[in-house]
Every structure is written in structure tokens, then in C-alpha cells.
Amino acid sequence: NNNNNNNNAERRLLETAARERRLGLTQRYGHTVKGDALDPLRALIWQLFFASNYVFGALGVALMLGLTLNLLGYGYYWDWNGGGSLSSSSSSSILVIDTLDHIRQEQALVQAAQHLQQQQ
């Protein structure tokens, strides 16, 4: 009886697979076609899924690089003014990597300069 149930279940699976192949329906990793209006949305979701693998991988690598820099006594900041330091615009890079002490000194100097400008 148990063997008969297994044969029936296997036969149903094979019939279902043959019918889906005949109709052009597929469901496998990275590709799902059901033959309805949601197929373009399914394709977009699969593309977002595969893109997220690269995005999260890159973010993980960036996080590890940042933590490694911090452990070595270095820091980083984004200088959106295009300057190489917090107070000058002599360099064209926007990602600045420097020692933590020097970053603190530059921040103190910038804040002191801003305070002096406000007093005048």
C-alpha cells in the first residue's frame, strides 16, 4: 500500500512537470514563468535579488576595511567640498584617510576658526 502511494505521488509529479513544460511554465532558481501578468514583476524581483548579492557583499567588504583602518589607528571621512583635509581644498579626493589624532586636531582647528569668524 505504501509503495502504491509512492508510485502515485511520483506519477503525479511527472505528469505535472510534463504539463508545465508543455505550457512553457518554469520555476527554477533565478527564473520563474507562470504565464500570468506577474511574470515581469517576478523577473524584476529575481534581478533585484541577484543585484543585492553584489551590493551586500561590497558593503561587507567596505565595513571590514573601515574596521581594519580603525584598529590600525586610522580614520576616514567624506570631504564633500573636495578638499584633502577638513580645512583646505588643495586635493581633489573626497574620501580622506588619516590618523585619528590628526583628524581630531583638524576638527578642533576648523571649529576654532569658525568660532573666530562668528565673533567678528
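Predicted model: local features only at pLDDT ≥ 70, side-chain atom pairs only at ≥ 80, totals over all residues.

Mentor: Let me start with R11, which is partly exposed, with a relative accessible area of 44%; here buried means under 20% relative accessible area, exposed means over 50%, and partly exposed lies in between, with a 1.4 Å probe and protein chains only. Residues are numbered from 1 along each chain as its sequence is written, and side-chain values use heavy atoms, with hydrogens and water left out.

The side chain of R11 meets that of E15 in a salt bridge, at 3.6 Å from N to O, where a salt bridge is a side-chain nitrogen of Lys or Arg within 4 Å of a carboxyl oxygen of Asp or Glu. E15 and R11 are four residues apart in helix α1 (residues 2-23), and are therefore separated by about one helical turn; helices (H or I, at least four residues) and strands (E, at least two) are DSSP runs, numbered from the N terminus. E15, at 45% relative accessibility, also counts as partly exposed.

The structure holds four salt bridges, and another of them joins the side chains of D101 and R104 at 3.0 Å, N to O. Both residues lie in helix α3 (residues 100-119), three residues apart, which is about one turn of the helix, and D101 and R104 are each exposed.

A further salt bridge brings together the side chains of R42 and D36, at 2.7 Å from N to O, and D36, D39 and R42 are linked in a network of salt bridges. D36 counts as partly exposed, at 35% relative accessibility, whereas D39 and R42 are buried residues of α2, as is G66. The buried residues of α2 pack against β2 (31-33) and β3, contact being heavy atoms within 4.5 Å. As for the helix itself, the 33 residues of α2 (residues 39-71) should span 48 Å at 1.5 Å a residue, and this agrees with end C-alpha atoms that are 48 Å apart; the expected span is 1.5 Å times one less than the number of residues. After α2 comes G73, whose phi is positive, near 90°.
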